[in-house]
Amino acid sequence: MFKFDGIDLEMFVDVISIDTTLMSERKNDFIDPPSRSGRYYQDFKYDYKEITITFDIKADTEEDCKSIIDTISSVFNVSEEKELIIDDNGRVYLAIPDGKFSKEKITKGMRRIKMSFICPTPFSHNPEAKIFNGEKTLSVSNEGNTSTPAIINVDFEGNATYCQIDGQNGKSILIGQYPSLTKPKQEESTTIVYEPCETTENFVSVTGEVDAKRTITGTIQPNDGGTSWCIQASDYGSGDNWHGPALRYNLPSNVTDFECSMYFYHDSKGKLKYNEIGSTDKTKTTKYKVTATTVKLKEKRLSKSKTLLSIKKGVYLTPLKVNEQEVTNGWIKTTYNNKTGWVKISTGLSKITTTTATYYTKQAASLRVSGSKKSKLLATIPKGTAIIVYPKITASKGKWTKATYQGKNGYIYTDYIIEGDKVQIDTDQEIDAAEDKIGLLECYGLDQAGNKLFKVMLCDENEWYEATYPFVQVGNTEFLKDKDFSVPEAKTTTVTNVSDDSLTVSTKTLRSGKYGNWNEFKGHFTIRREKNEWYAEVIKYNSEGEIEKTLPSEVIKSDKFPVGDLNHIVVYFGKYADKDVVDTMTFNRLVITKLNEVNQDEEQDIIIFKEGDELKVDFANNEVYINNVKNMEHVDIGSKFFEIPPGDFDLRISSDANITSSIIYNERWLD
């Protein structure tokens with residue numbers, strides 16, 4: 001077995017030997033007291049692991065041999081650790097090629113290669129994660145031979161001042177503080193707005209209060225016309241500049257010190273995998289694949305509803321029809337592990353539809369970026385695999401045709417495939433249809449007189465690039481932007497037109513691809529004012545719900561910043577002139593917290609968690625998140641992160657509220 005970065009290299013090479021050590025080098029740490037004989041043992045660590053593989057490349061011709069060498073060289077040309085499998089047991093190392101390569105010519109069309117890999121983490125791991133569900137006790141089983149980090153999720157069914165997770169050997173994590181019997185409980189801050197944007201009933205129309213060069217026209221509605229998981233523009237009206245609809249959300253009372261979080265989706269290519277519109281084609285079988293690390297099965301179709309259990313990545317869920325519909329307001333009803341409940345699609349589900357495949361591979365084949373043996377290798381496809389081929393969508397390139405395998409789009413050599421009986425296979429493939437569209441989504445915070453306190457914006461204003469960027473203003477002053485973001489000149493080509501009596505040469509601007517770090521945005525803006533000090537942050541999540549990119553500001557106080565109380569919010573969706581507008585542009589949630597609620601003159605037990613809150617403790621990175629926002633300030637100074645040791649034991653979680661919990665981890669081996 002020799003796989004690297006998902007590529008089965010034994011399609012191209014014959015492995016001669018794999019050399020490694022039984023265990024990584026162990027480094028012991030001793031204390032050497034100067035006045036006593038001997039040393040005291042203190043601790044130890046394992047160093048990185050080195051793996052050396054020798055293999056032969058065999059080909060019929062020198063040209064084919066050179067082509068194979070080019071292919072495997074591109075596979076090993078990586079900038080970060082990739083998965084390496086060297087044994088039939090399927091255990092995975094995270095490895096990167098080392099600088100030690102040798103190539104020996106054995107004979108015509110044959111080369112012997114010797115290369116080394118470095119594994120910075122000296123353990124192999126099981127690629128299949130284990131998950132355990134429970135309440136205040138989780139029965140854990142680690143069948144690896146060494147300890148492993150885990151992710152623990154806790155869902156709160158009521159208000160709580162603390163949560164403690166106890167490991168073995170006296171190690172534990174405490175978030176918050178233990179309550180007393182005599183002190184009153186007090187919220188650290190008060191959430192005055194929690195708007196899930198499942199309807200527009202709490203919003204009102206607005207005719208102004210947006211920036212200059214913007215016209216308010218068109219309408220906003222939930223994404224399926226009823227109640228759903230977001231609000232979005234249903235039409236943008238017309239105009240020569242930025243134009244589109246807006247809505248206003250009134251706060252229950254004016255707020256001086258606040259924290260406002262605004263959740264957006266924004267995708268210039270209209271290809272977000274977490275699009276929650278259900279299929280209405282009843283002749284197809286639809287499933288949903290879990291793409292996040294975990295998703296929650298809820299008792300009711302509410303985010304704050306009780307969590308029945310957590311479901312891990314890779315599981316396929318079949319939706320149960322409710323009133324003949326597979327999707328109800330952005331949720332699916334499903335049964336898993338004998339429990340029936342609801343899963344919100346946007347938390348990490350991807351729709352899978354049954355697709356007809358009419359071709360098999362008649363021998364092991366390569367899926368490549370383009371129709372050339374010299375192009376990058378995307379995947380190796382075993383003999384006899386049913387694949388999806390698109391002869392009608394993309395014209396064949398000579399002896400190459402477009403195909404999809406395991407969600408990857410590329411090209412396959414037509415001599416390696418054969419038409420056979422129709423086979424039904426599940427796929428989450430997407431046909432790549434680049435769309436460099438234009439659009440902006442803005443959220444304004446205003447005082448009672450309509451003066452702008454702040455504005456946050458996601459915008460793609462470039463016609464030739466997919467180039468989304470975030471921007472924050474306090475008042476009319478630029479407060480936060482990505483300083484590394486700039487768009488180069490678009491690519492051009494010369495077009496020559498010849499007629500009977502004239503020759504015309506012109507320059508045509510081309511669609512120029514993707515630029516920047518904020519495309520396919522799923523995330524939120526947070527802006528906070530406390531005691532006249534302002535702070536802003538942008539957080540982007542990947543498709544698995546993990547933080548992919550952050551952009552924080554400094555905490556800044558200035559006489560130039562507005563001092564009015566926050567009174568209402570305005571949401572604006574913009575289309576530019578008659579240009580094609582961004583397909584996926586949605587406003588998903590609004591959360592506003594009133595700060596400085598604690599009475600400093602009276603000792604109180606502070607409520608850290610409220611009903612519906614989610615706590616995530618990431619023991620791999622020693623980080624704590626509350627509702628997907630990093631929150632280390634509530635971690636007790638005496639806390640110690642720990643790993644799950646080999647064997648079976650009960651992990652205990654305590655809190656002064658009812659909770660449900662789960663733990664997920666990959667077993668590891670020191671081998």
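Mentor: Buried means under 20% relative accessible area. Keep that cut-off in mind as we look at this predicted model.

Trainee: Why is Trp-534 called buried?

Mentor: Trp-534 has 1% relative accessibility, which is under 20%, so Trp-534 counts as buried.

Trainee: And what makes Phe-561 buried or exposed?

Mentor: Phe-561 comes out at 9%, again under the 20% limit, so Phe-561 is buried.

Trainee: How many aromatic pairs does a search of the whole structure find?

Mentor: The search finds 27 aromatic pairs. One of them is formed by Phe-132 and Tyr-665.

Trainee: Why is the pair of Phe-132 and Tyr-665 called stacked?

Mentor: Their ring centres are 6.1 Å apart, within 6.5 Å, so the rings pair. Their planes meet at 25°, under 30 degrees, so the pair is stacked.

Trainee: What parts does this pair tie together?

Mentor: Phe-132 lies in strand β11 and Tyr-665 in strand β54, so the pair ties together parts that are 533 residues apart in sequence. Tyr-665 is also buried, because its relative accessible area of 2% is under 20%.

Trainee: Back to Trp-534 and Phe-561: why is that pair called edge-to-face?

Mentor: The centres lie 6.4 Å apart, within 6.5 Å, and the planes are at 75°, over 60 degrees, so the pair is edge-to-face. Trp-534 sits in strand β45, Phe-561 in the loop between β46 and β47, 27 residues apart.

Trainee: How do you know that the charged end of Arg-589 sits over the ring of Tyr-263?

Mentor: The charged end of Arg-589 is 4.0 Å from the ring centre of Tyr-263, and the distance limit is 6 Å. Likewise, Arg-39 lies over the face of Phe-30, at 4.1 Å from the ring centre.

Terms used: Residues are numbered from 1 along each chain as its sequence is written. This is a predicted model: local features need pLDDT of at least 70, side-chain atom pairs count only at pLDDT 80 or more; totals for chains, interfaces and linings use all residues. Side-chain values use heavy atoms; hydrogens and water are left out. Rings of Phe, Tyr and Trp (its six-membered ring) pair if their centres lie within 6.5 Å; planes under 30 degrees apart count as stacked, over 60 as edge-to-face and the rest as tilted. Helices (H or I, at least four residues) and strands (E, at least two) are DSSP runs, numbered from the N terminus. Buried means under 20% relative accessible area, exposed over 50%, partly exposed in between (1.4 Å probe, protein chains only). A charge sits over a ring if NZ of Lys or CZ of Arg is within 6 Å of the ring centre and within 35 degrees of the ring normal.
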